[in-house]
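Open the model in your viewer and keep the selection tool ready.

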Amino acid sequence: MNSLAVTDSLLLLVTIVVFSGSKNSPSLRISVAIFGAAALLGVLRFTGLLPLPQMHSFFSGLGATAAYPLLAATFIWSGSVVAQRWRFASIFFVIAGAFGLIASALEFALWGNLVALVSVTALLIHGIRVRNVQASMGAAALLVALILFASKAALPPYLQPGDFLHVFMALGLMLLSRKASLAGG
């Protein structure tokens with residue numbers, strides 16, 4: 001089995017656990033649902049069961065342009081209507097996703113990478129500013145995931161760049177969701 005299928009399975013499992021957490025906010029649940037959809041499509045793609053590279057790429061891009069910003073909003077403005085109400089979290093997600101689609105149509109390829117990087121960096125700065133070690137560690141894990149993936153870090157023949165992305169995303173999402181549950185939402 002392909003290592004990407006294994007690490008995508010790990011990410012999928014983590015997103016299912018976080019999504020099913022009843023104490024997690026709607027915005028966190030929407031964010032992890034998108035990451036989970038990309039992970040599921042990755043598992044299907046990398047196992048060869050149902051190779052849908054365009055769908056996997058689409059949901060990965062949606063994660064970068066809409067789920068990461070929503071995740072940042074979840075923690076930075078945890079008391080806001082965007083973080084706490086399904087309707088406003090959905091509206092935020094759709095608008096952010098629309099900007100991503102527009103950037104894609106205009107062939108502005110760096111948009112997704114830039115949005116993801118800014119969102120995760122804002123999460124990290126916020127965690128440090130409020131002196132929350134767990135949130136800072138979760139955001140740092142997400143930042144490491146993005147940096148290792150962008151730098152194409154690999155340990156051939158065992159780990160590919162996507163493996164690092166999946167593993168560190170899973171770690172970051174676990175830490176952030178644990179912080180959200182401890183904070184009461």
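**Stop one: Asp8**

Select Asp8 and show its surroundings: Asp8 touches Ala39, Gly42, Val43, Phe46, His56 and His166, leaving out residues up to four places away in sequence. Touching, or contact, means heavy atoms within 4.5 Å. This is a predicted model, where local features need pLDDT of at least 70, side-chain atom pairs count only at pLDDT 80 or more, and totals for chains, interfaces and linings use all residues. Residues are numbered from 1 along each chain as its sequence is written, and side-chain values use heavy atoms, without hydrogens and water.

Asp8 sits in helix α1 (residues 3-20). Helices are DSSP runs of H or I, at least four residues, numbered from the N terminus. Now pick out His166: its side chain makes a polar contact with that of Asp8, at 3.2 Å. A polar contact is a pair of N or O atoms within 3.5 Å; within protein, one must be able to donate a hydrogen and the other to accept it, and residues adjacent in sequence count only if both atoms are side-chain atoms.

**Stop two: Asn2**

Move to Asn2, in the segment before α1. A polar atom of the Asn2 side chain lies 2.8 Å from the backbone nitrogen of Leu4. Leaving aside neighbours within four places in sequence, Asn2 is in contact with Phe46 and Gln160. Then select Ala39: the C-alpha atoms of Asn2 and Ala39 are 14 Å apart, with the two residues 37 apart along the chain.

**Stop three: Phe99**

Finish at Phe99, in helix α5 (residues 86-105).

Definitions and conventions
Helix = DSSP H or I, 4+ residues; strand = E, 2+ residues; numbered from the N terminus.
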